[in-house]
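Please open the structure in your viewer and keep the selection tool at hand. The tour below moves from one selection to the next and says what is there.

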Amino acid sequence: MMGGMDPEAVKGAVALELRNITKRYPLVLANDRISLQVRWGEVLAVVGENGAGKSTLMKIVYGLVRPDQGEILVDGQPAQITEPREAIALGIGMVHQHFMLVDPFTVLENIVLGAEPRQGAQIDLVRARAEVGALMRELEFNLPLDTPVEELPVGLQQRVEILKALYRKARILILDEPTAVLTPQEADELFAFLRRYVAQGNAVIFISHKLAEVIKLSDRVTVIRDGRVVGTVNTPETSMAELARMMVGREVILSVEKGPASPKEVVLKVKDLRVHGKDKKHRLNGVSFEVRAGEIVGIAGVEGNGQTELVEAITGLRPYEGQIEYGGQPLRPNARAAREWGVSHIPEDRNARGLVLDFTTRENLILGDHYRPPNAGFLGFLDAERIEANAQRIVEAFDVRPRSTDLAARRYSGGNAQKIVVGRELSRGPRLLVAAQPTRGVDIGAIEFIHEQIVRARDQGTAVLLVSADLNEVRSLSDRILVMFEGRIMGELKAEEATEEKLGLWMAGVVA
Ligand SMILES: Nc1ncnc2c1ncn2[C@@H]1O[C@H](COP(=O)(O)OP(=O)(O)O)[C@@H](O)[C@H]1O
Ligand SMILES: [Mg+2]
């Protein structure tokens with residue numbers, strides 16, 4: 001719990017040390033002799049691109065994964081951590097990327113679950129309530145203890161996870177990508193809490209690949225690349241550019257270069273679109289907007305507020321009520337018709353919808369257009385030469401590495417697999433591009449490239465609808481921004497008016 005020790009006496013001493021942690025999976029060396037230290041009283045950020053090995057390392061510390069090699073020391077003492085129970089006993093708590101709460105249970109039940117105070121054989125709920133209440137006051141958290149957690153917004157569910165760890169007296173708190181599900185304001189509140197927590201002498205390991213927030217929150221940063229520690233720097237002495245360079249091993253440009261848009265005719269018109277979903281987060285409740293040729297319209301919002309349903313309705317993958325018009329023509333809900341009309345789609349789930357993982361690059365590059373010219377002749381025979389020439393052109397133009405046309409899609413890294421999808425969707429000269437999370441899981445170098453290609457398509461007259469949970473991506477690419485919350489459009493802003501604060505309020509459903 002907070003305040004249990006004299007903070008000044010312990011600050012600066014090493015709380016947790018990892019020495020030469022190694023973990024090999026069949027295809028990858030996820031952690032390669034990783035050593036790092038976190039001290040009492042500090043926030044250590046661990047950053048690295050997707051797949052760098054961050055989550056694996058933290059699961060090792062929490063006893064969820066066994067390392068092949070290496071040592072863990074807590075307070076200078078060698079520790080045996082083979083399951084979470086042992087980590088908890090050593091004062092280690094973890095807030096997972098995906099919460100581990102029991103949905104129908106109340107907040108109080110979730111917090112005390114497995115650590116209930118007892119009176120004889122009975123669980124002492126009165127005492128549990130008093131203890132949790134005291135802890136909440138101390139932490140300045142305000143949670144409705146008798147509400148089932150499934151009824152809470154995600155930001156509050158995360159607080160339940162934190163409270164759960166602190167109820168078990170965690171002094172070292174690990175948070176794995178905790179801001180992925182938060183609005184900017186919720187993230188700021190989390191950061192304020194974490195600063196108070198370490199000021200009392202505790203330690204935090206904060207995992208992220210978002211450099212702006214790492215700079216805002218942490219005291220020191222350890223950068224991991226390809227399973228190895230690249231270096232550790234003091235936050236006040238570093239910059240986003242330096243961290244980015246350490247993450248990818250070269251200089252990168254972090255902003256998109258683009259001129260003003262010159263929007264032309266309306267290409268996509270959506271009117272009073274409704275989709276029935278399993279709960280209020282997966283519905284569309286009357287969405288209307290337009291996208292014109294030559295502009296990028298971004299949809300911002302915390303994931304799971306109807307964005308997936310919107311994209312699927314527009315691309316003909318899901319039934320809907322209301323109207324969708326392409327170039328003034330109403331469309332039947334049919335993916336093939338949409339594609340033939342000139343709709344390209346970069347799907348959010350590249351592996352399920354964007355690629356056939358066992359198909360070659362060449363085959364993946366004609367997916368969706370394989371049955372018609374120029375890929376197939378009148379009778380549907382495939383034109384092998386044309387297909388190969390086309391594949392080589394795209395692989396070259398979209399910088400797919402390795403430059404092969406007959407490697408199975410599953411053999412590419414995330415960034416290169418995404419370049420195949422983007423290359424296929426853009427090289428057909430679409431009238432409308434629907435790009436959903438186009439750079440998720442993609443390394444910084446490839447992000448920059450994909451952004452350039454999207455802007456280029458806009459400048460050649462494509463209407464672009466960009467859906468992204470990454471606020472920086474939406475802000476830097478879009479000409480206009482719409483914010484979605486619980487199946488509705490909360491409002492529209494021009495890109496230059498769209499401050500993080502305004503967007504964040506709308507993303508939380510607050511009407512200003
Ligand atoms: N259970 C697993 N089995 C096989 N490979 C895994 C497993 N977990 C992670 N990996 C691989 O290990 C590498 C590091 O993954 P991870 O630790 O999740 O990275 P990060 O959290 O930095 O994105 C990735 O290449 C990933 O595919
Ligand atoms: Mg991870």
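Select Arg431 and Trp341 to begin: the charged end of Arg431 sits over the ring of Trp341, 4.0 Å from its centre, where a charge sits over a ring if NZ of Lys or CZ of Arg is within 6 Å of the ring centre and within 35 degrees of the ring normal. This is a predicted model, in which local features need pLDDT of at least 70 and side-chain atom pairs count only at pLDDT 80 or more, while totals for chains, interfaces and linings use all residues. Residues are numbered from 1 along each chain as its sequence is written, chains are lettered from A and ligands numbered from 1 in the order in which they are written, and side-chain values use heavy atoms, with hydrogens and water left out.

Next, show the aromatic rings, of which a search of the whole structure finds five pairs; rings of Phe, Tyr and Trp (its six-membered ring) pair if their centres lie within 6.5 Å, and planes under 30 degrees apart count as stacked, over 60 as edge-to-face and the rest as tilted. Select Phe141 and Phe193, which form a tilted pair, 5.0 Å centre to centre with 55° between the planes. Phe141 lies in the loop between α5 (125-139) and α6 (154-167) and Phe193 in helix α7 (residues 184-199), so the pair ties together parts that are 52 residues apart in sequence; helices (H or I, at least four residues) and strands (E, at least two) are DSSP runs, numbered from the N terminus. Both Phe141 and Phe193 are buried, that is, under 20% relative accessible area with a 1.4 Å probe and protein chains only.

Arg159 lies over the face of Phe141, at 4.8 Å from the ring centre.

Finally, select ligand 1 and the residues around it, including Tyr25, Glu49 and Lys54, each with a heavy atom within 4 Å of the ligand. The helix α2 (54-61) gives the most to this shell, with three residues.

Definitions and conventions
Buried < 20%, exposed > 50% of the residue type's maximum accessible area, 1.4 Å probe, protein only.
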